[in-house]
2 protein chains.
Amino acid sequence: MKHLFILLLCMPLWGMAQQKEPDYVCPPCGQCDAIVYHKPGVCPHCGMTLVLRDTALVPGQQLSSICFYLYDGTEVLDFAGPLEVFSYAGFKIFTVGKTKAPVTIQGILKVNPDYSIQDAPPADIFAIFGGDDDVAAGDPEVISWIKSRDGSTKGYFSVCTGAFVLGRAGLLDSLTVTTFHNSIQSLQKAVPSAKVLANVRYVDNGRIITTAGISAGIDGALHLVARLKGEAEAMRIARHMEYDKYVPGQGLVVKH
Amino acid sequence: MKHLFILLLCMPLWGMAQQKEPDYVCPPCGQCDAIVYHKPGVCPHCGMTLVLRDTALVPGQQLSSICFYLYDGTEVLDFAGPLEVFSYAGFKIFTVGKTKAPVTIQGILKVNPDYSIQDAPPADIFAIFGGDDDVAAGDPEVISWIKSRDGSTKGYFSVCTGAFVLGRAGLLDSLTVTTFHNSIQSLQKAVPSAKVLANVRYVDNGRIITTAGISAGIDGALHLVARLKGEAEAMRIARHMEYDKYVPGQGLVVKH
C-alpha cells in the first residue's frame with residue numbers, strides 16, 4: 001500500500017519529466033529519419049538540425065486524416081489529383097467549406113462540403129488548393145480558423161496558389177516554398193521572408209509541402225505518400241492511376 | 001409575286017436535295033481533314049474512307065458543349081482532369097446525374113448535378129468516366145437515355161472504365177478502343193466485335209475517343225482539344241496546368 005502511494009505521488013513528476021524531454025527527429029532525408037532523439041541538436045548521421053517530432057511528418061507515422069478545404073473558385077485538378085492519390089493511400093479525407101452551402105469548383109462543379117469551419121473535426125493534415133485563392137486568403141475568419149487548428153495539425157499541403165492561404169496564416173515565414181508558375185513573384189511579395197522557387201514540382205519542408213501549379217499536386221501527393229508509407233506504395237498508386245509519368249524525387253526536399 | 005410563289009414551291013424540293021447530299025470528310029489525319037466532299041467514297045489525298053461530317057469531330061468544328069455524366073462511385077481524377085482541360089479550352093460543361101440528388105464521387109466528394117436525365121439539354125460531346133461503372137452501365141434507364149441522345153451527340157469521350165457504359169449503349173461495336181489497364185479483357189468480353197488495346201494512352205476513332213485509366217483522361221482531353229482547336233491550344237493549356245508531361249500524339253488515331 002505504501003509503495004502504491006509513493007508511485008501515485010511520483011506520477012505527476014514523471015509526467016513533467018516527460019514534458020521536458022520531447023522527441024526530436026531529423027527532417028526527412030531518406031537515411032536516418034526514423035531515429036528518435038531526446039534532445040535538440042544536430043543529427044550525427046546527416047548533419048541536419050533536429051526538429052520536434054510532433055512538428056514533422058516522419059516515415060511510418062500514422063497520419064490518417066486529411067482536411068480538404070474548398071472555396072468558391074477552387075481549381076478542380078488542384079484538389080482532385082491529391083484526392084485520388086490520398087484516397088488510394090488509405091487516408092480518411094473530408095471536405096470543409098466556410099459554411100455548408102454548396103461550393104462551386106472551377107465555376108462548374110457544385111460540391112456540398114462535409115463540414116463548415118464551425119464544426120469541422122481536427123485532421124492530421126490540412127490541405128488547401130489554388131484558384132480564386134483570395135476567397136480564402138482574404139477572409140479573416142478562414143485564416144483565424146486555420147490558425148486555431150495549428151496545434152492539432154501535424155502537416156500542411158498546398159497546391160498551386162493555395163500557398164497564398166498558408167502564407168496569410170503565417171505558416172510559410174522563412175521557408176523555401178513554391179506555387180503556380182505565374183504567381184512566383186506575387187507570393188514572394190506576400191511572404192517576404194520566404195524563399196519562393198520557380199521551376200520545381202514541389203518543395204518539402206518537413207511539416208509543410210507546397211507544390212507548383214494544378215497538375216503538380218499529383219506529384220506532391222505521391223511524394224507525401226512515399227515519405228509516409230514508402231516509395232513502393234507511391235509507385236503502386238501511380239501505376240494504378242496509370243500515372244506512369246510520375247518521377248520519384250522530382251521535387252525539392254529542404255534540409256534544415 | 002409569281003417568282004416568290006415559285007420560290008416557295010421549290011423550297012421543299014431544295015430541302016430534299018440537301019438531305020440527299022450530306023457532307024463527307026475524311027477521319028482526322030492531320031492533312032486533309034478540312035476538305036468537304038459531297039459524296040461518299042475515298043479521300044483522294046490520304047486514301048481514308050470518308051465519313052459523314054455530322055458523325056466526325058473535325059478540326060475547326062465549333063463544338064461548344066460537353067455533358068459530363070456522373071454517377072455514384074465515379075473516379076474523381078477520371079472526370080476532373082478532362083474538366084480542367086475542357087474548361088480552359090472554352091467548352092461549356094454541365095454535369096448530369098440520373099436524378100438531381102447529390103452524387104458521391106470516390107466515396108468522398110458530394111456533387112450536385114446540374115441536370116438529371118429527365119431535363120438535361122443536348123450536348124455536342126457526351127463524356128463518361130470510370131469507377132463503379134456498372135452503376136451506369138447496368139442501368140437500362142441510363143443506357144436508353146444515352147441512346148436517345150445519339151442523334152444530337154456529335155462525339156463521345158470515355159475515360160477508364162467509362163468505356164463499359166459506351167459499350168453497353170452499342171457505341172463501341174467494331175471499333176478499336178481502350179480502357180483501364182485491369183479491364184482490358186473484360187471490355188473485350190463485353191464488346192466482342194471491338195478491338196480492345198492495352199498499353200495505349202487513348203484511341204481516337206473520329207467520333208469516339210476512349211482513354212486508358214484515370215490520369216490518361218488528361219491526355220485524351222488534350223488530344224481532343226488539339227484536334228478541334230489545334231496543337232498550339234492544347235500545348236497552351238498543358239503549360240497552364242503545368243502538365244509538362246503531356247506528350248502530343250501519344251495515343252492512337254485510327255485510320256478508317
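Two strands are said to pair if DSSP finds at least two bridges between them. In this predicted model, that definition applies to strand β5 (residues 103-105) of chain A and β6(A), which pair in the antiparallel sense over 3 bridges. Within this pairing, A:T104 stands opposite A:K110. The two strands form a hairpin with 3 residues between them, where A:Q106 takes a positive phi near 60 degrees.

**Symmetry of the two copies**

In general, two copies of a chain are related by a rotation about an axis and a shift along it. For this model, a rotation of 180 degrees with 0.0 Å of shift along its axis superposes chain B on chain A, with an RMSD of 0.1 Å. The two copies are thus related as by a two-fold rotation axis. Moreover, 100% of the interface residues of chain B are also interface residues in chain A, so the copies meet through the same surface.

**The interface**

On the two sides of the interface, 41 residues of chain B are in contact with 41 residues of chain A. The area buried between the chains is about 3,200 Å², and carbon and sulfur atoms give 56% of this area. Three residues, B:I108, B:E242 and B:K245, supply 22% of the area that chain B buries against chain A, more than any other three residues.

Polar interactions also link the chains. Between chain B and chain A there are 28 residue pairs in polar contact, with both residues at pLDDT 80 or more. The elements of chain B that give two or more residues to the side touching chain A are α2 (76-88), β4 (92-97), β6 (109-112), α7 (216-229) and α8 (231-240). The largest share of that side, 9 residues, comes from α2(B). The classes of residue on the side of chain B that touches chain A are listed below.

| Class of residue | Number on the chain B side |
|---|---|
| Nonpolar | 20 residues |
| Polar | 11 residues |

In chain B, 8 strands form an open sheet with mixed pairing, in the order β7-β4-β3-β8-β9-β13-β12-β14. Strands β7 (115-116) and β14 (252-253) of chain B stand at the edges, each with a single partner strand, so one side of each is left without a neighbour in the sheet. Strand β12 (residues 202-204) of chain B pairs with β13 (residues 208-211) of chain B in the antiparallel sense over 3 bridges. In that pairing, B:Y202 stands opposite B:T211.

Note on methods
Residues are numbered from 1 along each chain as its sequence is written. Chains are lettered from A and ligands numbered from 1 in the order in which they are written. This is a predicted model: local features need pLDDT of at least 70, side-chain atom pairs count only at pLDDT 80 or more; totals for chains, interfaces and linings use all residues. Side-chain values use heavy atoms; hydrogens and water are left out. Contact means heavy atoms within 4.5 Å. Buried area is the accessible area (1.4 Å probe) that two parts lose on being put together, summed over both. A polar contact is a pair of N or O atoms within 3.5 Å; within protein, one must be able to donate a hydrogen and the other to accept it, and residues adjacent in sequence count only if both atoms are side-chain atoms. Helices (H or I, at least four residues) and strands (E, at least two) are DSSP runs, numbered from the N terminus. Ala, Val, Leu, Ile, Met, Phe, Trp, Tyr, Cys and Pro count as nonpolar, Asp, Glu, Lys and Arg as charged, and the others, Gly among them, as polar. Copies are superposed by least squares on the C-alpha atoms of residues with pLDDT of at least 70 in both.
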